[in-house]
Structures are given as structure tokens and as C-alpha cells.
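Work through the following exercises with the coordinates open, and compare each step with the solution given below the task.

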Amino acid sequence: MTARGAAGGVDGVGAEPSVVERRLHPVTPLRRAWAPIAVIIGWAVHDPDQAQRQLTRLTTTTLLIAVAVIVPAAALYGFLTWWFTHFAVTGTELRIRTGLLFRRTAHIRLERIQAVDVTQPLLARIAGVAKLRLDVVGAEKKDELAFLGEREARALRAELLARAAGFAPETAHEVGEAPARELLRVPPRVLALSLVLTGATWGSLIAALVVPPVLWLATDSLWTVIATAAPLLGTAGASSVGRFVAEYDWTVGESPDGLRIDRGLLDRSHETVPPGRVQTVRLVEPLLWRRRGWVRVELDVAGSSNSVLVPVAPREVAESVVARVLPGVVVPGALSRPGRRAGWCVPVWWRGYGFAVTGAVFAARRGLLRREVALVPHAKVQSVRLTQGPWQRLWGLADVHVDTGADKTVTARLRGAGEAGELLRAQAERSRTGRRGALPDRWMT
């Protein structure tokens, strides 16, 4: 990797003397050189008949000339996009300059960074490089630096987190990567067995085995069978083998910059659950897991794609990890079930609903076969709503909805109308009190 001072700036504009602009790893052009070739492949897939007709018209000489032009052009494109991409860390922001014809400069405020993840696709692991992905408050899409040397990516991640935590620029380099203490590691055998005992895995597999033969008997069309079987087999693979590969060697560690998640068999990912940004925690119990006492822990994080904290673990272990991401929170042991009148609105399944309120969280349960308990800290509640349909009014029932900052809703369903009204008023007050006493969302504190 090369570096240069930004005194003149990339575009000839003056910049801060202390800022050093750097380029990505030299292997990056190989990744970007595929773009022109991908366009040609995409056209061929979109219109295979036209592509085949054009290909049959070409002579061997023409094909060799085309290859001799396309390959150097793709290599030149990859090199130029790499050459014109720079990044720099200033005292207040991370700047990323990209664009070959149309220039784009991203100014990422350091205090707005909520997570910095390091990912390594399989080929990147072989080449010894990594991708740095940044979760920024208010941004729908992650900015990324691809690729950096693996050691440099980790050092830059540590520096960005140190700057975001308030360390001075001259000391941020010396902070280094914060140490982590392992809280949980999921054994491959347990992960594989949990997938076998998941209803979604069997459902998608049965659909992939049953639907195509039925279509063949009904339509006698091979293309219809292939068009239906391919996505069904893909879904079955994603819900079993795909999840095993993605969640292999799942490790959760605790560090001053949040909970760290390391995972992946082929593509390795090193993610961070940003402190203070978790809006909802869900404990999921599929029916066949209950005998073994296993649960899955999922998250709603404002502005982040992190959605799984623990793929499978014994309940006691999972609850101890939840206590780390939501300090002071204890998962309620018993939740209040709706009254028998709820059976007139939701027959049978009303027994799966329940709710509880503690000093720290609003908790709601749903589901009979796949039980899910959602926990919302009072400080993260954005609004509280009460809804009551005509059939619910007839039976004196209502739903209380709690909205969070991650655009998600947790609902206490089928409560008595009087109880729901009181819950609405009390939860609004608890939320106001919780926000006043909430700690700042900062790292390394």
C-alpha cells in the first residue's frame, strides 16, 4: 500500500497538513477488473438467444482480437479505479474519495460511527486482505474500504473506534485493538443439530422434494419444473448448509468497544454489536429445541445490519450474554397470558401471547410452536400506541404496541381494555424516565 501527504490534496485543493491520504491494497484492481466482464456476462444471461447468435457469427480471429481488447481494458479499468480511490482519517472524520469519471467524496463523522466490521471472503483470506465495513448512524448503506491488508484493516478499525470514543488523534494510534474476553463459542456439532431440529429446514426441504414431481405430473413441462425446483432447492440449501457455513465457529467476546462476533467457515466475518444501540433483544425457541433448553438470540440494532447475537445456546448461557448487551436486564421468568376472552378473537393461538414489565424492560411473547420473547429497554421506546379492532371492542380487548428506534414494533396482544389503557399511560411514563437516566452510547467507557 502507498501513502502520500494531502497537502495538495487529490484534486489539487489544499488540505490539512497532518492528514495522510492512503490507497487501498494493490490486490484491489483484480477485484474491480471484473466489472466490465460482469457486464458482458450479465447481458449474455439476460438474453441468451441473442448472445448465442452473436457468438456463432464470430470467427476465431475475431474472438482472439476481442479477448485481446477486453482483458487489457478490464485490467486498465481496475487499475484506474484503484488509483483514483483514496482514504484519510482526519481529526473529525474519515474521508473516502472514489470515482474514475464522476468523483465522490464521503465525509464520515467519527462520532457517528457505531460499528466497524472486518470481513474476509474466501479469496480475500487466501490473498491476506480484508474488507472494512462501517455502520454510520443515519446511513442506510454501509460504506466500505475493500481491500486492505489484514493487519492494516484491524489497525485502522482500532484507530477509528478509538477516535469515535473520544481519544485524541495523537494517541489513537497507540490504543490498538481492545482486548476481548470470550463469552461463548458454539460447537459445530451443536450448530448442525440445531439446524436439523429447526422446522424451517425440514419445511423447505420437503417443499423442494414434493413440489417439482407434482408439477411434472400436472404440466409435463421440464422448464416449469426446473424454474420451480431451482429456487426451492436454493431456499433449502440456504436454511441448512448456508446457515451452517455462515454461523460456523460462532464466537461472542466482550471488549470495551462492544460485543465482538467472529464467525464463518469460508468467509470470515468480525462484527461488533455497538454499545447502547441495541433496541430490542429477542429470545427464539423453536418447538424441537425446548427439550434441550436451547434458544436463539436475535437483535434489532438502530442503523445496523447485525441481527443475530447467538445462533444457538443453552438458555442460561444465552441470558448471561443478553445481560452483557443490556446491562442490568433480567429476562422475565413468567409472563402474563391474556384472559380466556382472547380465545374468541384468536382461537387456540391466543395461549402463545403474554407480556411482562420489569424495572428495565417491556417484554412480550408470541407463538406456540416457535415461541419468541422480545425485550425492549424502556429508554429505547420511541412511542406507545393502543389499537382496538371492532371484534376486539366487542370482547373488551385491545393491543398495546411499543415502537423502537430500529423501526420495529413489539406488541402486548389481547389485553383487557382497561388494563391496556393503564399499560399505555404507565409505559409512556417509564419511557420518559428511562431516557433521562440512560447512559451515553460511547465505546471504551
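Two strands count as paired if DSSP finds at least two bridges between them, and the elements themselves are DSSP runs numbered from the N terminus, with helices being H or I of at least four residues and strands E of at least two. The model is a predicted one, in which local features need pLDDT of at least 70 and side-chain atom pairs count only at pLDDT 80 or more, while totals for chains, interfaces and linings use all residues. Residues are numbered from 1 along each chain as its sequence is written, and side-chain values use heavy atoms, with hydrogens and water left out.

**Exercise 1. Find the bridge partner of valine 357 in β17, and describe how β16 and β17 pair.**

Step 1: strand β16 covers residues 354-357 and strand β17 covers residues 361-366, and the two pair in the antiparallel sense over 4 bridges. Step 2: within this pairing, valine 357 has phenylalanine 362 as its bridge partner in β17. Step 3: the two strands make a hairpin, with 3 residues between β16 and β17.

**Exercise 2. Determine how helix α8 packs with helix α10, and which residues make the contact.**

Step 1: α8 (residues 188-196) and α10 (residues 222-247) pack at an angle of about 155 degrees with their axes 10 Å apart, where axes are lines fitted to C-alpha atoms, for helices over the stretch in contact, and angles run from 0 to 180 degrees between N-to-C directions. Step 2: α8 and α10 are therefore roughly antiparallel to each other, a label for angles over 145 degrees, whereas those under 35 count as roughly parallel, 65 to 115 as roughly perpendicular and the rest as oblique. Step 3: the contact (heavy atoms within 4.5 Å) is made by Pro188, Leu191, Ala192 and Leu195 on the α8 side, and by Ser239, Ser240, Arg243, Phe244 and Glu247 on the α10 side. Step 4: the residues of this contact divide into 5 nonpolar, 2 polar and 2 charged, with Ala, Val, Leu, Ile, Met, Phe, Trp, Tyr, Cys and Pro taken as nonpolar, Asp, Glu, Lys and Arg as charged, and the others, Gly among them, as polar.

**Exercise 3. Trace the open sheet that contains β19, β20 and β21, and locate the helix that packs on it.**

Step 1: the 3 strands follow the order β19-β20-β21 with antiparallel pairing. Step 2: β19 (381-387) and β21 are the edge strands, each of which pairs on one side only. Step 3: neighbouring strands of this sheet are turned by 15 degrees against each other on average, direction ignored. Step 4: β20 and β21 are joined by 6 bridges, and aspartate 403 stands opposite threonine 409 in β21. Step 5: helix α13 (residues 417-437) packs on the sheet and touches β19, β20 and β21, and its direction makes about 170 degrees with that of β19.

**Exercise 4. Examine the backbone at valine 348 and aspartate 407: what is phi at each, and is each residue buried or exposed?**

Step 1: valine 348, in the loop between α11 (315-325) and β16, has phi near 65 degrees, a positive value in a residue other than glycine. Step 2: valine 348 is exposed, with a relative accessible area of 55%, given that buried means under 20%, exposed over 50% and partly exposed in between (1.4 Å probe, protein chains only). Step 3: aspartate 407 lies in the loop between β20 (397-404) and β21 (409-416), with phi near 60 degrees, also positive in a residue other than glycine. Step 4: aspartate 407 counts as exposed at 74% relative accessibility.
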